[in-house]
Amino acid sequence: MEIKLVDLGRQYQTIKGEIDEAIARVLSRTDFILGEDVRQFEREFADYCGAKYAVGLDSGTSALELALRALGVGPGDEVLVPANSFIASAAAVSFTGATPVFVDVDAATYTIDPEQLPRRLSARTKAILPVHLYGQPANMGAIMGFAERHGLFVVEDACQAHGARWDGRRVGSIGQVGAFSFYPGKNLGALGDGGALVTNDPGVAELATVWRNCGQREKYQHVQIGWTRRLDTIHAAALRVKLRHLDRWNASRRQLAQLYNQALAGAQVERPQEAPAAEHVYHLYVVQVDRREELRSALAEKGIATGIHYPTPIHLQPAYKGLGYRVGDFPVSEQAARRVLSLPLFPELEEREVRYVADTIRSFLSRG
């Protein structure tokens, strides 16, 4: 049996007719840049997230950067960022000229630990960038309370958490701005790179809309110095199709995660935990194990692909060597980096495949 970590081919086959029709519609209209499907998708995605505005962009990284810039974050400012995330969470801060200040994560949820925020706060802190990692919402109740007490902005990195909820609210709509990635493997994925920011602030939406398109409000009328950060129309057309299926796909991910939980019960594996106020959408099913590399090899021999998200915390990446962090600064993130393992998970995964993965893990662990 061959089981991919993510099988995009299976997803495409389930909606092939809808996707092909949507692409053909764009090809027929030839409105490839900021076309009708971009406008429609922005309205639909904003409604889905419970926000007033959505701005389609070329990546989740751009969404984070433009969100921070629109809130006035820049040189001399600091932004609190979890140490355990993909590097784009911190890089977006660096692009603005501000400094990412790393914070350790909660051992149960892998998301930024609100109890660590006070010790990382300084007079230069301007924002918090919580990451809803692996599909698990960060503790937005505590984070928003802390931000309000200290006059900080909150930019949600929801790039792995499309459709997740905290206390009944969709992530991305809780802070001042939410950022999403539509990288193909995400819960809501485009046919290539793509992203969006969502917000209730008309000023933020206006700035992002102008900046993404070379600083234009009208063609050849450049009111700002901007970038080329647009969401392509073909991607938007595919995303409109997929958005209609997202809740069903997320429900399938949750069911498969529960099946994994049951199948791995009693094994020497730390299974993911769901925070009480959270609705986890399991972009990834991440466990912690000893002898990780040996287990990965054993799974690969049985045709099972796995991933590591992430093998090096951001504060120990060579790109951030200049900030002076050392091994031991963020022990929870560092332990996770040594032990986390992502197992195959996608909505079309079959029950027999989940059991095959779990049985293979159990067999390996039982051999000591």
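**Core, Salt Bridges and Pocket**

User: How many residues does the largest nonpolar core hold, and which of them have the most contacts inside it?

Analyst: The largest nonpolar core of this predicted model contains 89 residues, and Leu197 and Leu343 are those with the most contacts inside it. In soluble globular proteins, nonpolar side chains tend to be buried together.

User: Which residues is leucine 197 in contact with, leaving aside its neighbours within four places in sequence?

Analyst: Among the residues in contact with leucine 197 are Tyr53, Ala54, Val55, Leu57, Val177, Gly178, Val204 and Ala208. A separate core of 25 residues lies apart from the largest one, and it includes Phe180, Val198, Leu239 and Val281.

User: What makes the pair of arginine 212 and glutamate 42 a salt bridge?

Analyst: The cut-off is 4 Å between a side-chain nitrogen of Lys or Arg and a carboxyl oxygen of Asp or Glu. Arginine 212 and glutamate 42 meet at 2.7 Å, N to O, and the pair therefore qualifies as a salt bridge. This pair links distant parts of the chain, 170 residues apart: arginine 212 is in the loop between helix H8 and strand E10, while glutamate 42 is in helix H3.

User: Why are arginine 212 and glutamate 42 called buried?

Analyst: Buried means under 20% relative accessible area. Arginine 212 has a relative accessibility of 6%, so it counts as buried. Glutamate 42, at 13%, is therefore buried too.

User: How many residues apart are arginine 355 and glutamate 351 in helix H13, and what separates them?

Analyst: They are 4 residues apart in helix H13, and therefore about one helical turn separates them. Arginine 355 is partly exposed at 37% relative accessibility, as is glutamate 351 at 45%. Elsewhere, salt bridges that share partners join Arg25, Arg29, Asp31, Asp37, Glu44 and Arg240 into one network. The structure holds 25 salt bridges.

User: How do you know that alanine 237 counts as buried?

Analyst: Alanine 237 has a relative accessibility of 0%, which is under 20%, so it counts as buried. This residue is found in helix H9. Not counting residues up to four places away in sequence, alanine 237 touches Ala22, Arg25, Val26 and Asp37.

User: What is the volume of the largest pocket, and which helix gives the most to its lining?

Analyst: The volume of the largest pocket is about 520 Å³. Of the 28 residues that line it, Phe86, Gln160, Ser181, Tyr183 and Lys186 are the closest to its centre. Helices H4 and H5 each supply at least two residues of the lining, and H4 gives the most, with 3 residues. The lining comprises 13 nonpolar, 11 polar and 4 charged residues.

Terms used. Residues are numbered from 1 along each chain as its sequence is written. This is a predicted model: local features need pLDDT of at least 70, side-chain atom pairs count only at pLDDT 80 or more; totals for chains, interfaces and linings use all residues. Side-chain values use heavy atoms; hydrogens and water are left out. Buried means under 20% relative accessible area, exposed over 50%, partly exposed in between (1.4 Å probe, protein chains only). A nonpolar core is a set of buried Ala, Val, Leu, Ile, Met, Phe, Trp, Tyr and Cys residues joined through side-chain atoms within 4.5 Å. Contact means heavy atoms within 4.5 Å. On a 1 Å grid over the protein atoms alone, a cavity is a set of points where a 1.4 Å probe fits but cannot get out, and a pocket is an open set with protein on both sides within 12 Å along at least five of seven lines; lining residues have an atom within 4 Å of a point. Grid points are joined across faces, edges and corners, and a volume is the space filled by probe spheres set on the points. Ala, Val, Leu, Ile, Met, Phe, Trp, Tyr, Cys and Pro count as nonpolar, Asp, Glu, Lys and Arg as charged, and the others, Gly among them, as polar.
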